[in-house]
Structures are given as structure tokens and as C-alpha cells.
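Here is a short briefing to read alongside the coordinates. Keep the viewer open and follow along topic by topic.

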Amino acid sequence: QVQLVESGGDSVQAGGSLTLSCAASTYMTTIDGCMGWFRQAPGKERERVATISTYSTQYADSVRGRFTISQDKAKGLLYLQMSSLIPEDTGVYYCAAREEYWCHVEVSDYKYWGQGTQVTVSG
């Protein structure tokens, strides 16, 4: 029901910056849900990077202070501003959404997912 389309992935040097964007179906603008960014590196589990709702914003310890998640809820747009990138940030980044407003749930509790966009940080 909900479609998510990501863009902005690229290859950058360590210390660089990058902004990812996600466009969600109009349906997400009509409900008080939660959206987030997740990433998956080769051989690792998919993990939460940051989530946002009307009520809260959360970040993984590894990105706090370097990444900023934001949204234009009325337009169904989600962003992830990344700075001071390090090689460990490399991975496929996914936009995800759920219809419930609480964000502090497991990765598997996010029902809708984008196709992913590759971010590669060279040391």
C-alpha cells in the first residue's frame, strides 16, 4: 500500500557529506506514523540509523551528532543529512515506514521499505 522511493546515494571520501531523500506515498501524510532510515553492510544485520515521528527523533549511537533526520510530513518527504562520514557508514541505506506512531520498535516491525540506495565511504 505504501511505496517509498529513495535517492541520493553516492560514493564519497571520508569526512564528506551526503543527503539522502525518500518520497513516500500520500497515504503516509494522512496518518500519524513513523519513518526511518536503516542500513545494511555486507555480512551484517540491517540496523536502525534514525527514526522520526511527530513526537520523537532517535539516532543510533554510531551516527548521533553526525547525521540528522528530518521530514516534511505534509509532503511525505524524509531526509537524512550525513556529515563527517567514515568508512563504517558504508552500506545500503533503506527508507522505511510504519503506520503506528511509536518508532522504538525492532527493524522487523517496519512494514514498508524502499529499494535501498548505496552509500560508499572511502578512507
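The notes below go through disulfides, strands and sheets, salt bridges and a surface patch.

This is a predicted model, in which local features need pLDDT of at least 70 and side-chain atom pairs count only at pLDDT 80 or more, while totals for chains, interfaces and linings use all residues. Residues are numbered from 1 along each chain as its sequence is written, and side-chain values use heavy atoms, with hydrogens and water left out. The structure holds 2 disulfides, and a search of the whole structure finds 4 salt bridges.

**Disulfides**

- A disulfide here is a pair of cysteine sulfur atoms within 2.5 Å.
- Strands (E, at least two residues) and helices (H or I, at least four) are DSSP runs, numbered from the N terminus.
- The torsion about the S-S bond of cysteine 22 and cysteine 95 is about -70°, so that disulfide is left-handed.
- Cysteine 22 and cysteine 95 are both buried; buried means under 20% relative accessible area, exposed means over 50%, and partly exposed is in between (1.4 Å probe, protein chains only).
- Cysteine 34 is joined to cysteine 103 by a disulfide, S to S 2.0 Å.
- This pair links distant parts of the chain, with cysteine 34 in strand E4 (residues 34-40) and cysteine 103 in the loop between E9 and strand E10 (112-113), 69 residues apart.
- About the S-S bond of cysteine 34 and cysteine 103 the torsion is about 125°, so the disulfide is right-handed.
- Cysteine 34 counts as buried because its relative accessibility is 0%, and cysteine 103 counts as buried at 3%.
- With the bonded cysteines of the protein chain numbered in sequence order, the pairing reads 1-3, 2-4.

**Strands and sheets**

- Two strands pair if DSSP finds at least two bridges between them.
- An open sheet of 4 strands has the order E1-E3-E8-E7, with antiparallel pairing. Its edge strands are strand E1 (4-7) and strand E7 (67-72), each of which pairs on one side only.
- From one strand to the next in this sheet, the twist averages 15°; axes are lines fitted to C-alpha atoms (for helices over the stretch in contact), and angles run from 0 to 180 degrees between N-to-C directions.
- E3 and strand E8 (residues 77-82) run antiparallel and are joined by 6 bridges. Threonine 19 has glutamine 81 in E8 as its bridge partner.
- Strand E2 (residues 11-13) pairs with E11 in the parallel sense over 3 bridges, and valine 12 stands opposite valine 121 in E11.
- E9 pairs with E11 in the antiparallel sense over 3 bridges, and tyrosine 93 stands opposite threonine 117 in E11.
- Which residues of strand E11 (residues 117-122) make up its covered face, and which its uncovered one? Thr117, Val119 and Val121 form the covered face, while Gln118, Thr120 and Ser122 form the uncovered one.
- In a regular strand the side chains alternate between the two faces of the sheet.

**Salt bridges**

- A salt bridge is a side-chain nitrogen of Lys or Arg within 4 Å of a carboxyl oxygen of Asp or Glu.
- Glutamate 47 forms one with arginine 39, the closest N and O atoms being 2.8 Å apart. Glutamate 47 is partly exposed at 33% relative accessible area, whereas arginine 39 counts as buried at 9%.
- Aspartate 61 forms another with arginine 64, where the closest N and O atoms are 2.6 Å apart. Aspartate 61 counts as exposed at 65% relative accessibility, and arginine 64 as partly exposed at 48%.
- Aspartate 89 forms a salt bridge with arginine 66, with the closest N and O atoms 2.8 Å apart. Aspartate 89 lies in the loop between E8 and E9 and arginine 66 in the loop between E6 and E7, so the pair ties together parts that are 23 residues apart in sequence.
- Aspartate 89 is buried, with a relative accessible area of 2%, and arginine 66 counts as buried at 16%.

**Surface patch**

- Tyr55, Tyr101 and Trp102 make a nonpolar surface patch of about 390 Å².
- Patches are made of residues with over 30% relative accessible area and no salt bridge, joining like charges within 9 Å and nonpolar side chains (Val, Leu, Ile, Met, Phe, Trp, Tyr) within 5 Å. Accessible areas come from the Shrake-Rupley method with a 1.4 Å probe, and for residues only the protein chains shown count as cover.
- Tyrosine 55 is found in the loop between strand E5 (47-52) and strand E6 (57-59), and tyrosine 55 is exposed, with a relative accessible area of 55%.
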